[in-house]
Amino acid sequence: MKNPWILPTEFPGELIAIDMHSHINHDVPDDSKKRFGYSADIEDLIVINRAAGIEKLFCCTFASCLNTDVIVEENAYMHSLLDQYDCLYQWVVIDPRIEETFTQAERMLQHKKCVGIKLHPDYHKYSLEEYADKLFSFASHFQAVVLIHPEKDASYILPIADKYPEVTFIMAHLGGEAYVDAVEFAVHKNVYTDTSGIASSTNLMVESAYQRIGADRILFGTDTYSAAFQRGRIEFALIPKEAKQKILRDNALRLFAKNLL
Ligand SMILES: [Zn+2]
């Protein structure tokens, strides 16, 4: 399939960013079913990201976030793409009520391109606190990075993060003070946040977070929103150049060293 879009001849910045929070669709069988002005087809996302100087994407499928019935098959589908696309990395999705997702994760986390575990208590409709010990004793065993779309204020992770120092927690979609509290007050410094989605688009969100917690535990992601917009949000933020480089690339290289290096 040939892409009709026009690529800029040069990347906008000198560094190649890492999109650590994205998704793909695989349930859109033909172009006529795409939403006008939007695509989460992997072929499109690769081109869109490349135009914004983004080198790698860490994904799970949208379907695996939206529908608990298909998590197992969606994880398998996602995993099957890893050898096909150099730039593609996997978040393996676990639902604590589905045992097979744990066995899948145990196996998939051995793959160099499986970066960690994705939890979506919000869309999957469970209480993270209720299943915390089951989930994070498992994650702790693998010293896993866990990406969480929180179903309430992100600072609810603090007692859990303090109990499981071997786990790295990423609270997705920096969008308010509770995220900054979660990062700042974690005793073991094992809580991060990411800039994916549109919550970080408010005009001093990234800047206010930087003022309190610095840049070391803020990661860059798109969540499939325009990569040009998402990268621009960081490139033109009122923070030092070194902080931008950490957010766009260096923090991910450090945190996911075993996957990326
Ligand atoms: Zn997401």
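Along the sequence, the residues that donate to the zinc ion follow the spacing H-x1-H-x199-D. The model is predicted. Three protein residues supply the donor atoms: His 21 through NE2, His 23 through NE2 and Asp 223 through OD. These atoms lie 2.1 to 2.3 Å from the zinc ion.

The pair His 21 and Asp 223 links distant parts of the chain, 202 residues apart. His 21 sits in strand β1, which covers residues 17-24. Asp 223 sits in the loop between β8 (218-219) and α10 (227-235).

**Buried or exposed?**

Are His 21 and Asp 223 buried or exposed? Both are buried. Asp 223 counts as buried because its relative accessibility is 13%, and the cut-off for buried is under 20%. Thr 224 is also found in the loop between β8 and α10. Its relative accessible area is 10%, so Thr 224 is buried.

**Backbone angles in the loop**

Most residues other than glycine have a negative phi. Thr 224 is not a glycine either, and has a positive phi of about 70 degrees.

| Residue | Phi | Relative accessible area |
|---|---|---|
| Thr 224 | about 70 degrees | 10% |

How values were computed: Residues are numbered from 1 along each chain as its sequence is written. This is a predicted model: local features need pLDDT of at least 70, side-chain atom pairs count only at pLDDT 80 or more; totals for chains, interfaces and linings use all residues. Side-chain values use heavy atoms; hydrogens and water are left out. Donors are N, O and S atoms within 2.8 Å of the metal (3.2 Å for Na, K and Ca); water is not among the atoms, so sites may look incomplete. Helices (H or I, at least four residues) and strands (E, at least two) are DSSP runs, numbered from the N terminus. Buried means under 20% relative accessible area, exposed over 50%, partly exposed in between (1.4 Å probe, protein chains only).
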